[in-house]
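These are my notebook entries on one chain. I looked up sheets, helix packing and a few single residues.

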Amino acid sequence: MYKLKKLIRFITIYGINRTLFKVFGRLRVSGVRIPSLKKRNIALIGCGQFGFATIGYFISKKSPYNFFKAFDVDKKNQKSFEKFYNLGHTEYVDEIFKDKKIETVYIASNHYTHTEYAIKAIENNKIVYIEKPISVNYKQFKSLISTVEKFDTKIFVGYNRPFSGAIIDLKKAINSFEDKPFSLNYFISGHLIEKDHWYRNPEEGTRICGNVGHWLDLTMHILSWRKVPNEYYINISYSNLYEIDDNITINITTECNDIISIMLTARSEPFEGINETLNFQYNKTIAKIDDFRKMTIWQDEKLTKKRYWPKDVGHHKAILQPFNTHKYKRDLKEVKNSTLLMLFITDMVLNKETNKIFNLNKEWEQLNK
C-alpha cells in the first residue's frame, strides 16, 4: 500500500512517463520499448538512478539524439541501463573516449570521478556535460579549469535550478536590476542518507558538494542578475558536530548588503523526495517558490501566481543544453564562481569552522598560483 500511494503521488507530481522511468530505474527492468530511430552519438558515464531515470528520460524523450554507449563501475547498473536503452556492452570507459562516433559525453558517476572523466572527454574533443559537482577539491578544480582553457571544447554543467520555470519567470517579472541588495532564504528537506551511503566517503566532498552546491550555485546565478559581490561573510551553524554536513544552516552576507540563508534538514526521508522552499525579496519584488511546483510574486499591488506541472526544477533545459543552439545555456563563469564558493564552504565544514570571510578575487588568485 505504501509503494502504491507513493506511485500515485509521484504521478501527480511528475506525470506518468517520468514516474515510470523512476520506477524502472529503481527496479532495473527493461520494459517493452520501440527502437529509437534517432541518431545515436551520446555516451553516459554513471548509470545510477539519476543517470537512468533523469538524464535517461530527457535524452530518450526530448533530445534530438540518443544513447550509443554507457559505462558504470557497477556492472549491474550498467548492464540494466544497456538493456533498457538497447545498447551494446562497453567493457572499459576508455572505449567511450576513443570512439569517434560519440560526440557528447554525459558524466553522472560518483562525484569524485567527475573531474577525471571530464578531463579525459575534453582531451578527446567530446562535447561534455558534467553533473554537479564539477570538482570536489581545489586540485581537481584547478586541473579542470586548466584543461577547459587549453581545449576548444563545449562544456555544460548540470546545476539545474537556474533552468527551472520559476527562476526564469522570476527574473522576467523583475525585468530590470538596480544596485540594490537581495534577500534569499532556502529551506530544504533533503534525502535521509545512511551512514554507509557513498556520499559519506571522505573523497566525495560531503553533502556540501553533493547537495548544498545546488543552492550556492543558484545564489550565484541570482546575484549575477545585478552584479556578483567580491566579499562574502559566512556563518555556519551545526546541529551536531558528529554529523557536520546534515541539519546545517549556512548564512551569508555580502559587501552589497545581500543576505542569504540556506538550511538543509534531513531528519527523515521525505515521502515525495526532496522538498525546497525559496523566499526572495529584491527591491519591490517579493516571491515565494514552493518546491518548484508553484510560485507567488508580489510587486506592490500586483499579485501573480504560477503553477508548474510537472514539477520543474530545471532538469529538462539543463540536460538539453548541448542541443540548444541559442537559448538556455549557463555562463560557465557563474558555475566556476559558485564552485569556488562551494569548495571554500566545504573546507569550513570539514574543519568545523563557524565564521570566515570569502573573497572571490583572492580565492581566484590563490587557485591560479
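Contact here means heavy atoms within 4.5 Å. I took helices (H or I, at least four residues) and strands (E, at least two) as DSSP runs, numbered from the N terminus. This is a predicted model, where local features need pLDDT of at least 70, side-chain atom pairs count only at pLDDT 80 or more, and totals for chains, interfaces and linings use all residues. Residues are numbered from 1 along each chain as its sequence is written, and side-chain values use heavy atoms, with hydrogens and water left out.

**Entry 1: H6 and H7**

I started with helix H6 (residues 114-123) against H7. On the H6 side I found Thr115, Ala118, Ile119, Ile122 and Glu123. They meet Gln140, Ser143, Leu144, Thr147 and Val148 in H7. I sorted the contact by class: 5 nonpolar, 4 polar and 1 charged residues. For this count, Ala, Val, Leu, Ile, Met, Phe, Trp, Tyr, Cys and Pro are nonpolar, Asp, Glu, Lys and Arg are charged, and the others, Gly among them, are polar.

Next I checked the axes. Those of H6 and H7 come within 10 Å and cross at roughly 15 degrees. Axes are lines fitted to C-alpha atoms, for helices over the stretch in contact, and angles run from 0 to 180 degrees between N-to-C directions. H6 and H7 are therefore roughly parallel to each other. The cut-offs are under 35 degrees for roughly parallel, over 145 for roughly antiparallel, 65 to 115 for roughly perpendicular, and oblique for the rest. The crossing of H6 and H7 is left-handed; that is, the near helix is turned anticlockwise from the far one by less than a right angle, while clockwise would be right-handed.

How many of the 10 residues of H6 are buried? I found 7, so H6 is largely enclosed by the rest of the structure. Buried means under 20% relative accessible area, exposed over 50%, and partly exposed in between, with a 1.4 Å probe and protein chains only. The buried set is His114, Thr115, Tyr117, Ala118, Ile119, Ala121 and Ile122. Just after H6, asparagine 125 has a positive phi of about 60 degrees.

**Entry 2: H7 and H11**

I then moved to the other partner. The axes of helix H7 (residues 138-150) and helix H11 (residues 332-350) come within 11 Å, crossing at roughly 165 degrees. That makes H7 roughly antiparallel to H11. This crossing is left-handed. H7 contributes Tyr138, Phe141, Ile145 and Val148. From H11 I listed Leu332, Lys336, Thr339, Leu340, Leu343, Phe344 and Asp347. The class count is 8 nonpolar, 1 polar and 2 charged residues.

**Entry 3: the sheet**

I traced an open sheet of 9 strands with mixed pairing. Its order is S13-S12-S11-S10-S6-S9-S8-S7-S14. Two strands pair if DSSP finds at least two bridges between them. Which strands stand at the edges? They are S13 (302-307) and S14 (355-359), each with a single partner strand, so one side of each lacks a neighbour in the sheet. Neighbouring strands are turned by 10 degrees against each other on average, direction ignored.

S8 (residues 248-254) and S9 (residues 259-265) are antiparallel over 6 bridges. Threonine 253 has isoleucine 259 in S9 as its bridge partner.

S11 (residues 285-290) and S12 (residues 294-299) are also antiparallel, over 6 bridges. Here isoleucine 286 is bridged to tryptophan 298 of S12. This hairpin has 3 residues between its strands, and aspartate 291 in the turn has a positive phi of about 55 degrees.

S12 and S13 run antiparallel, joined by 6 bridges. Glutamine 299 is paired with lysine 302 in S13. Their hairpin has 2 residues between the strands, with aspartate 300 at a positive phi near 55 degrees.

H9 (residues 206-223) covers S6, S7, S8, S9 and S10, at about 155 degrees to S6. H12 (residues 360-367) lies across S7 and S14, at about 75 degrees to S14.

**Entry 4: two single residues**

Asparagine 41 sits in strand S1 (residues 40-45). Its relative accessible area is 1%, so asparagine 41 is buried. Beyond four places in sequence, asparagine 41 touches Tyr65, Asn66, Phe68, Lys101, Ile102, Glu103 and Thr104.

Aspartate 72 is in the loop between strand S2 (66-71) and helix H4 (75-84). Is aspartate 72 buried or exposed? Aspartate 72 is buried, at 10% relative accessible area. Leaving aside neighbours within four places in sequence, its contacts are Gly46, Cys47, Gly48, Asn77 and Gln78.
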